[in-house]
Amino acid sequence: MFVVRWLNEHLEEVFLVIFSMIMVVVIAMQVFMRYIMEASLAWSEELARYCFIWLVYLGISYGVKKQRHIKVDVMLLLLRDKGKIILNIVANLLFLGFALFVVYYGYDVASRLLAWGQRSPALQLPMGLVYMATPIGMGLTIIRLIQQLIKQFKTLLGKDEYDVKTEQERLLDIQDIEEDVERGKNKL
């Protein structure tokens, strides 16, 4: 159970860090090779590009998990607690429909590329693996959306606590925390 809980909390974060580190190291190596050694690596830009693609799709899932995906807060300002939750449910259901569509067609494209055996020019990676970023990342997004929807429905039924905040409210919370920390330092 501990492993499942840990994966639920940190899966995207681990892969986001790994892909980011690979990108930084590979790009730094390429800069070093070009400007110091006056030779370039044929595979570095391709690897960095493919890491970035995976980073983007896993980042979508992470944004949904943290409820930090792109949204317009204007309607949230006009609504009260349950209204905000209902609006979030509607938005998440629409996003879920889109994600299901992307997974279905993304998997179709990726599996065709795997079947054809197309490979990347420099690294000779199967291009289907690169394209699998779409259905895998959006599949994780679907899982995160379902988790959010369960919390939201439980809150509407009074069985859970789910707080919907605008970006402005989140910033004000951060400022309050910073002020509390500063006051705590001054007391010492």
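Helices here are DSSP runs of H or I with at least four residues, numbered from the N terminus. This is a predicted model, in which local features need pLDDT of at least 70, side-chain atom pairs count only at pLDDT 80 or more, and totals for chains, interfaces and linings use all residues. Residues are numbered from 1 along each chain as its sequence is written, and side-chain values use heavy atoms, with hydrogens and water left out.

Now step back into α4 itself. The helix has 36 residues. From first C-alpha to last, α4 reaches 52 Å, close to the 52 Å expected at 1.5 Å a residue. The expected span is 1.5 Å times one less than the number of residues. Several α4 residues are buried, among them K84, I85, N88, L96 and G106. Buried means under 20% relative accessible area, with a 1.4 Å probe and protein chains only.

Next, the nonpolar cores. In soluble globular proteins, nonpolar side chains tend to be buried together. A nonpolar core is a set of buried Ala, Val, Leu, Ile, Met, Phe, Trp, Tyr and Cys residues joined through side-chain atoms within 4.5 Å. The largest one here has 13 residues, and I85, L96 and V164 touch the most other members. Two elements give two or more residues to this core: α4 (81-116) and α6 (133-156). The largest share, five residues, comes from α4. A second, separate core has eleven residues, including M23, L55, A133 and L140.

Turn to α6. Its 24 residues should span 34 Å at 1.5 Å a residue, and its end C-alpha atoms are 34 Å apart, so the two values agree. Just after α6, G158 takes a positive phi of about 80°.

Helix α6 also packs with α2. The angle is about 5°, and the axes are 8 Å apart. Axes are lines fitted to C-alpha atoms, for helices over the stretch in contact, and angles run from 0 to 180 degrees between N-to-C directions. Angles under 35 degrees count as roughly parallel, so α2 is roughly parallel to α6. Contact means heavy atoms within 4.5 Å. On the α2 side, the residues include I53, W54 and Y57; on the α6 side, they include A133, I136 and L140.

Finally, look at S44, which lies in helix α2 (residues 44-65). S44 is buried, with a relative accessible area of 2%. Leaving aside neighbours within four places in sequence, S44 is in contact with V26 and Q30.

How values were computed: Buried < 20%, exposed > 50% of the residue type's maximum accessible area, 1.4 Å probe, protein only. Parallel < 35°, antiparallel > 145°, perpendicular 65-115°, else oblique.
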